[in-house]
Amino acid sequence: MDAISYKLPVFEGPLDLLLQLIQKNKLNICDIPIAELLTQYMETIERWKEADLEVATEFLEMAARLVQIKSAMLLPRHEEAEELRRELTGELIEYQLCQEAARRLAARNIGGDLFLREPEEIEPDHTYRRQHEAGELFHAYLAAAGRGKRRLPPPPQAFSGIVSRTIVSVASKITDVLGRLYRRSSVSYRSLFQSAGNKSELVATFLALLELIKDKRIRVDGEGEEQYVRLREGETVGD
């Protein structure tokens, strides 16, 4: 069952009454003094009751809302009160804007007898009338061509450095270094890397030298360009 609504004289609802009180008492709508507004609001409701006018439920609900905000402002922390007051201020400003829009529409006689025209079918005009500079068209072409290339799968050459890369093991380079040292008493440190064909072989050679030094099978003497790699005493071909 629909609730029975009452239309009191002058005021359309509680927000209308609050706006009237704010304007009458020249209050700041963006910083409403809740205590003063509540006093004025309750005095208006009491006058209605004295005149034997029945007060609608929505007006009483607004009174309870104002009392709640005032009570929250008495607490040590006012965060809840400020939030409730901001919510009420937003509703009042929105209602005020709606009233202003209604007044403007009424001034234009909108809302009375209206003549409505059915929408007409309009043939679309697909003629492109914009003029372009030659450079603009050229750059647009390059951008479109670039996007098209990005959608293509990568060519096989893009994987050649990954798929066809030779993996050199550290063990093989250990054998290679020892073999060269067994044939000669010492070899230049740089010469061990000069024959490397790729980064993988360079890294494997370096790791092989570190492994042999850690196992105390070789030693590195000298500094700078005069570094030489030699077998440690006691290291033989059969080890």
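In what sense, left-handed or right-handed, does H3 pass H4 in their crossing? H3 passes H4 in a left-handed crossing, a term for a near helix turned anticlockwise from the far one by less than a right angle, clockwise being right-handed.

The model is predicted: local features need pLDDT of at least 70, side-chain atom pairs count only at pLDDT 80 or more, and totals for chains, interfaces and linings use all residues. Residues are numbered from 1 along each chain as its sequence is written, and side-chain values use heavy atoms, without hydrogens and water.

**Helix pair.** Helices (H or I, at least four residues) and strands (E, at least two) are DSSP runs numbered from the N terminus. The axes of H3 (residues 57–73) and H4 (residues 79–107) come within 8 Å and cross at roughly 145 degrees. Axes are lines fitted to C-alpha atoms, for helices over the stretch in contact, with angles from 0 to 180 degrees between N-to-C directions. Contact means heavy atoms within 4.5 Å.

| Helix | Residues in the H3–H4 contact |
|---|---|
| H3 | Met62, Arg65, Leu66, Gln68, Ile69, Ala72, Met73 |
| H4 | Glu80, Ala81, Leu84, Arg85, Glu87, Leu88, Glu91 |

By class, this contact has 8 nonpolar, 1 polar and 5 charged residues.

**Sheet.** Three strands form an open sheet in the order S1-S3-S2, with antiparallel pairing; pairing requires at least two DSSP bridges between two strands. S1 (186–188) and S2 (218–221) stand at the edges with a single partner strand each, so one side of each lacks a neighbour in the sheet. S1 pairs with S3 (residues 228–231) over 3 bridges, and serine 188 has tyrosine 228 in S3 as its bridge partner. Helix H7 (residues 170–183) packs on the sheet, touching S1, S2 and S3, and its direction makes about 80 degrees with that of S3.

Definitions and conventions:
Ala, Val, Leu, Ile, Met, Phe, Trp, Tyr, Cys and Pro count as nonpolar, Asp, Glu, Lys and Arg as charged, and the others, Gly among them, as polar.
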